[in-house]
Amino acid sequence: MLMRQHLPRVLVTVGVIVIAALIASLILLASGVAPVDALSAFWEGTFGNGTNAGTTLTQAVPLLLVALGWIVATRAGRLHVGYPGQVIAGGATATAIGLNCGGLPGALAVLVTALAGIAGGALWAGLTAWLWASRGVLEIISSLLLNLVAIQVAAWLVRGPLQGTASQEPQTANFPPSTIWPSVPAIPGQTLSFDVVLLPICAVIVVLLLSRTVFGFGLRASGGNGEAARWLGIDPKRGGVVAILISGGFAGLAGAALLFAGTAPWMSDGFEAGVGFNGIAVALLAGNSPVFAILTAVVFSALNVGGTALQATLDVPSSLAEVLQGAVIVLVLLAAVLARRRREQAPAPQPAAAAKSLALVGTEEV
Amino acid sequence: MGIFDVAFLVSAVTIAAPILLAATGELVSERAGVLNVGLEGVMLTGAFGGYLVMWETGSLVLGFVGGMIAGLLFAAVMALLSIEAKVDQIVSGIALTLLGYGLTAFLNERFLVPARTFDPLPRLEIPVLSDIPVIGPAMFDQDAFIYATAILIILVAFALGRTTWGINLKAVGESPVSADAAGVGIRAMRWAAVLFSGLCAGAAGAYLSIGDVGVFREGMSGGRGYLAIAAVLFGGWRLAGLGIAATIFAVADATQLRLQAIGVIPREVWVAVMILVVLVMVLGRMRRGAGAARLASGRLTGIEVAGLASVAILLALVIVPPSITLPVPLWLAMPYLLALVALGTEGKRRHKAPTALAVPYLRSEV
C-alpha cells in the first residue's frame with residue numbers, strides 16, 4: 001500500500017534525474033568534455049571519499065531546512081520566496097551574537113547561535129508577513145524585494161560594523177572556537193558536521209507537525225480553503241502569518257548552519273550562495289514531501305559540490321549546476337502535470353480538485 | 001540645482017526606460033491573468049541574447065532582435081507552463097528565474113570568453129524639441145530605445161483602452177468564463193499577452209547589456225525585473241500608475257548613484273524628500289477624501305501621523321544638515337526599500353487586481 005502510494009512520485013523523481021543527466025551530457029559534449037570523464041570526476045568529488053562525502057552531506061542540511069520552510073509555508077498557501085533574504089538575516093544575526101559568545105561553554109554557545117539564526121530569519125520573514133497580513137502586499141513581491149535589501153545589508157555589515165580587524169577583506173573576524181558546530185572527528189578534514197542529525201529530525205518534526213497536530217491542521221486549512229477555515233473557527237490570516245514566520249525560522253537556521261557548520265569560520269557577503277532558491281527546488285523535486293526532501297537535498301548538494309569539482313578538474317564552469325537545477329524544476333512541474341493528467345483520465349474526473357490547481361503544490365498529502 | 005541637475009534627469013530617464021518597458025509587458029500579461037514572476041529571468045535572458053548576437057554579428061539592431069527573441073523563447077516556456085500545463089504561476093516563475101540565472105552565467109562563462117565591450121546606443125537629437133531647457137536634453141536627446149519605449153507605451157495605452165482587442169484582453173483577466181462564453185479565445189489571448197511581455201522584457205534586458213553598458217555581466221539585471229513587477233502592483237494595474245512607480249524607482253536609483261559619489265548627503269536631498277512626503281500625503285487625502293466621513297471629522301490616519309512626524313524630522317534635517325554618510329551597499333538597497341514602502345503605504349488597493357490573476361482557466365468550470 002505504502003509502496004503503491006509512493007511509486008509514482010519515485011518514478012517522477014528518477015525520470016527527472018535521468019532527463020537532467022541527459023541534458024548535462026549534451027551540454028558537456030557541446031563544450032568538449034566527455035560525459036564519462038565528467039561522471040567519474042563528479043563521483044570522486046561528491047562521494048568518492050569520506051572527506052568529500054562529509055562535505056556533500058553537511059551542505060545538504062541548509063538546503064533541507066529551506067525546503068522544509070517552503071513546505072510549511074506552501075501548505076498554508078503562502079508562496080513567498082524570501083528564503084535567500086531570511087538565510088542571510090539568520091546568518092548575520094547568528095554571526096553578530098556568536099562573535100560575542102566566546103566565553104560560553106561549547107554546547108550552550110552552539111545552541112545560542114542556532115537560536116539566534118532562527119530568530120533572525122523569523123524576524124526578516126516577519127516583515128513579509130506583516131506587509132501581507134495588514135497592508136495587503138503580495139507576499140511574493142515583498143519577499144523578493146526584501147531579498148535584494150538583505151543582500152545589500154549583508155554587504156554593508158561585513159564592510160562596516162561586523163568587519164574583522166585582522167584583515168582588510170570584506171569578512172568578519174573568525175568565530176570563537178566554542179561556537180563552531182562540532183563535526184565528526186573520524187572523517188579526515190572534519191567535513192562531516194554533527195548537524196546532519198537535523199536532516200531526519202527536522203523532516204520528521206515537520207511531518208508530525210503538519211499531519212498529527214491541531215496546529216498543523218489549522219495551517220493546512222488556512223492554505224486549502226479560507227472560507228472553510230473560517231467556518232472551523234480558524235483565522236486563515238493568522239495561519240498564513242505563523243507559517244511565514246516558521247518558514248523564516250527554518251531559513252534562518254539554515255543561515256546559521258551555513259556559517260557555523262561551514263568550511264570557513266567567518267561570514268563574508270556571498271555566504272548564502274543560492275541556498276535560498278535551491279531549497280525551493282529541493283522541495284519541489286520532492287513533491288513537497290518532507291521525508292523525501294532529505295534525498296533530494298542530498299542530490300542538490302551533490303550537484304553543487306560536484307559542479308565545483310568539475311570546475312577544478314575539467315574546467316567546466318560551475319554554473320552548469322545552476323542550469324541543471326533550473327531545468328530540474330521545470331521538468332518537475334511538467335512531470336507533475338503529466339501525472340495529474342493520467343490520474344484524471346483513469347478514475348472519474350474530479351473537477352473541483354482540478355479547479356483548485358493553484359494549490360497544486362500546497363495540498364498534497366504528507 | 002546642486003545634485004538635481006540635467007545630468008541627473010538624463011540618468012533617471014535612462015534607468016526608468018527599461019523598467020517601464022518590462023513593466024508595460026508585465027501589465028499586459030497580468031491584465032490577461034498571467035502573473036509572470038519570472039520577469040527577472042526573462043530580462044536576464046534578453047540581456048544575454050542581445051549580447052550573444054552582438055558578439056557574433058557586431059550589429060546593434062540584430063542584437064536587439066536577438067534579445068527580443070531570447071525573451072520571447074523564455075516567455076514561451078512560461079506560457080507553456082502556466083497556460084497549457086496550468087502549473088502554479090509563482091512556482092513556474094521561480095523556475096524561470098533560476099534557469100535564466102544559471103543558463104546565462106554558464107553560457108557566458110563557457111562560450112563568450114574574451115568579453116567584448118561595445119559602444120552603447122547612439123543618442124539621437126530631436127531637432128526643435130531638444131532645445132527646450134532642462135526637459136529638452138533629458139527627454140529629446142536620448143537613444144532610440146527610449147523613444148521606442150515611449151511610442152510603445154502610447155500604443156499599449158490605446159490598445160488596452162480603445163480597441164476591442166484590449167477590452168477582450170481585460171475580460172480574459174477579469175472573468176475568463178464570461179469571455180469564453182462571448183467567444184473570446186482564452187488561450188490565444190493569454191499566449192499573446194505572455195509572449196508580448198517576453199518581447200518587452202527581452203528588449204529591456206538587451207538595453208541593459210548592449211544598449212546602455214555595452215557588455216554582459218552575470219546577473220546584471222540586478223532585480224530590475226522584480227522592480228517592474230512591483231511597479232505593476234503599486235501602479236494598481238494602470239499604465240498611469242506604472243509611470244508614477246517607475247519614476248519613483250528611477251529617481252531613487254539615480255539619486256543613490258549620485259550620492260555614492262558625493263558621500264555626505266546634501267541639504268537639497270532632504271528638501272526633495274520632504275516635498276515628496278507632503279505631496280503624497282496631500283494626494284492621498286484628496287483621493288480618499290471624496291465623501292469620506294473621516295475627512296469631515298478631520299481625524300488623521302495612522303499613516304498621516306507617521307507622515308507628519310517624518311516631515312518634522314526632515315525639516316529639522318534641512319535646517320541643520322548633519323554630515324551623514326551612508327555606506328554604498330545601503331544606497332544600493334534604497335530603490336528596493338522605497339518600492340517596499342510604496343507598496344506598504346499604498347495599502348488597501350484603490351484598484352483591484354484582475355480577478356483571474358494567477359488562476360489557470362479550465363473550461364470544465366463553466
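Over residues 275-303 of chain A, the chain is 86% helix and 0% strand, and its end C-alpha atoms lie 12 Å apart. Residues 138-158 of chain A are 95% helix and 0% strand, with end C-alpha atoms 31 Å apart. Helices here are DSSP runs of H or I with at least four residues, strands are runs of E with at least two, and both are numbered from the N terminus. An unreviewed UniProt entry places the feature "transmembrane region" at several spans of chain A, including 138-158 and 275-303; such annotations may be inferred rather than shown by experiment.

This is a predicted model, in which local features need pLDDT of at least 70 and side-chain atom pairs count only at pLDDT 80 or more, whereas totals for chains, interfaces and linings use all residues. Residues are numbered from 1 along each chain as its sequence is written, chains are lettered from A in the order in which they are written, and side-chain values use heavy atoms, with hydrogens and water left out.

Although A:Asn288 is not a glycine, it has a positive phi of about 60°. A:Asn288 is buried, at a relative accessible area of 3%; buried means under 20% with a 1.4 Å probe, protein chains only. In chain B, B:Trp237 likewise has a positive phi, of about 55°, without being a glycine. B:Trp237 lies in the loop between helix H10 (224-234) and helix H11 (239-262) of chain B and is buried, with a relative accessible area of 4%.

The largest nonpolar core has 194 residues, and A:Trp70, A:Leu145, A:Trp181 and B:Phe145 have the most contacts inside it. Such a core is a set of buried Ala, Val, Leu, Ile, Met, Phe, Trp, Tyr and Cys residues joined through side-chain atoms within 4.5 Å. Helix H1 (residues 6-31) of chain B gives the most to this core, with 13 residues. Domain 1 (6-263 + 326-365) and domain 2 (265-324) of chain B both give residues to this core, so it lies between them. These bounds come from an automatic or database domain assignment, and the two domain centres, taken over C-alpha atoms, are 31 Å apart.

The contact between the chains (heavy atoms within 4.5 Å) takes 47 residues from chain B and 50 residues from chain A. About 4,300 Å² is buried between chain B and chain A, with 78% given by carbon and sulfur atoms; this is the accessible area (1.4 Å probe) that the two parts lose on being put together, summed over both.

Technical notes:
Buried < 20%, exposed > 50% of the residue type's maximum accessible area, 1.4 Å probe, protein only.
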